[in-house]
Amino acid sequence: MRPTVHDIAAAAGVSLATVDRVLNQRPGVRRITREKVETAIRQIGYVRDVAAANLAKGRTYPLGFILPASDNSFMHGLNAEIREAMIRSPAERTSIRTVEVAAFDPAALVAALEKLADERPAGIALVAIDAPEVVAAVDKLVAVGIPVVTLVSDLTGSRRHHYAGIDNIAAGRTAARLLGRFLGDAEGEVAVLAGSMLVRDHRERLEGFAALMAQEFPKLSVLPVLEGRDDPELAHMLVADALAKHERVIGVYSLGAGNRGLIRALKAKASCRNLTVVAHELTVHTRAALIDGTIDAILNQNAGHEVRSAIRVLKAKADGLAVIDAQERIRLDIFLKDNLP
């Protein structure tokens, strides 16, 4: 059986109240008595349930979420999930604050990290930008004992504690296989729309997509990536221009956001060209495009699961507890018009 505080009290010959004072580092215990309790703890192998102790003490975990200020539906959804977590804060003993920074701006992200660090939160979750200055800022937070979780886009060169997001290389490969199988033996070009190559999730999706395309679908040529910065207007302009210039485009892979602009450009070309399209993130707009046939398949990550995972991990790290990897694995869903939730 697991040793309890009653076992400590019996082994040390003290009261439960004294054991409680020692465990919670409160005053009112003589040095020799404190040493007896600590010796008993070591001898019987007592391991403290930190989470239960924090619950008993009514501890609250102040957490910070840093998100890009972006007019795209996925980030709006991520924000909505964080607001839902704020509603659950009393039950989960959290105090959550969100900070929005300019999208794809490493300096703005670093400034937000430094400002949050001054508040000494129990943990910080951020949508990372893969830049040396961001890595340095994250490593500095970890060095002073602040847990850090990257959300949606990782920062693998850093000392961050955990990544709450999908396997993006696998996602890119999955998109390539879907597009290649949909197109069959056709020969032509594939346009790729991304947000920015500054973020690792977009780079890794492109890496996985291009590798599998070259390996298994050599008749399909991948065009240079279009960087729409997750801006629907810019995405619309870039995709419309690419379709006008490249008559051999028969497929499109949208690996980031900006899908509203993509859908507008696709609908404008629908009367003169049949395109096969795979995109990311199930939103109101991509759902409608899937139903009407503008998009053929959607790869989706569950933003709610990512937010809940980030909160669980930050609380565990703040308490020095282990993370259950299987519980925190984020699943990649594939949706066609036939299996929409």
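**Strands, helices and domains**

Me: In this predicted model, which strand is joined to β6 by 2 bridges?
Reply: The pairing concerns strands that run parallel, and it consists of 2 bridges. The partner, which spans residues 226-227, is strand β8.

Me: Which residue is the bridge partner of A191 in β9?
Reply: Strand β9 covers residues 249-254, and its pairing with β6 is in the parallel sense, over 5 bridges. The partner of A191 in β9 is V252.

Me: How many residues of strand β6 are buried?
Reply: A residue counts as buried when its relative accessible area is under 20%. Strand β6 runs over residues 188-194, and it is largely enclosed by the rest of the structure, because the buried residues number 7 of the 7.

Me: What covers the buried residues of helix α12?
Reply: Helix α12 spans residues 259-269, and its buried residues are N259, G261, L262, I263, A265 and L266. The elements that cover them include β6, α11 (232-245), β9, β10 (276-280) and α13 (284-291).

Me: Which strands stand at the edges of the open sheet of 5 strands?
Reply: The order of this open sheet is β2-β1-β3-β4-β5, and its pairing is parallel. A strand at an edge has a single partner strand, so one side of it is left without a neighbour in the sheet; this applies to β2 (94-102) and β5 (162-164).

Me: Which residue in β3 is the bridge partner of L63?
Reply: Strand β1, residues 61-69, and strand β3, residues 123-126, pair in the parallel sense over 4 bridges. For L63, the bridge partner in β3 is G123.

Me: At about what angle does helix α5 run to β2?
Reply: Helix α5 is made of residues 73-87 and lies across β1, β2 and β4 (148-151). Relative to β2, helix α5 runs at about 160°.

Me: Is V110 buried or exposed?
Reply: V110 has its place in helix α7, residues 106-118, and, leaving aside residues up to four places away in sequence, it touches E133, V134 and A137. The C-alpha atoms of V110 and A136 are separated by 8.8 Å, although the two residues are 26 residues apart along the chain. Since residues under 20% relative accessible area count as buried, and V110 has 12% relative accessibility, V110 is buried.

Me: Which residue's side chain is joined to that of D333 by a polar contact of 2.9 Å?
Reply: D333 lies in strand β12, residues 332-335, and counts as buried at 15% relative accessibility. Not counting residues up to four places away in sequence, D333 touches I298, L299 and N300. The polar contact of 2.9 Å joins its side chain to that of R331.

Me: How far apart do the C-alpha centres of domain 1 and domain 3 lie?
Reply: The protein is divided into domain 1 (5-48), domain 2 (59-165 + 303-328) and domain 3 (168-301). Between the C-alpha centres of domain 1 and domain 3 the separation is 63 Å.

Methods
Residues numbered from 1 in each chain as written. Predicted model: local features only at pLDDT ≥ 70, side-chain atom pairs only at ≥ 80, totals over all residues. Heavy atoms only, no water. Domains from an automatic or database assignment. Buried < 20%, exposed > 50% of the residue type's maximum accessible area, 1.4 Å probe, protein only. Pairing = 2+ DSSP bridges. Contact = heavy atoms within 4.5 Å. Polar contact = N/O pair within 3.5 Å; in protein donor to acceptor, adjacent residues only side chain to side chain. Axes fitted to C-alpha atoms, helices over the stretch in contact; angles between N-to-C directions.
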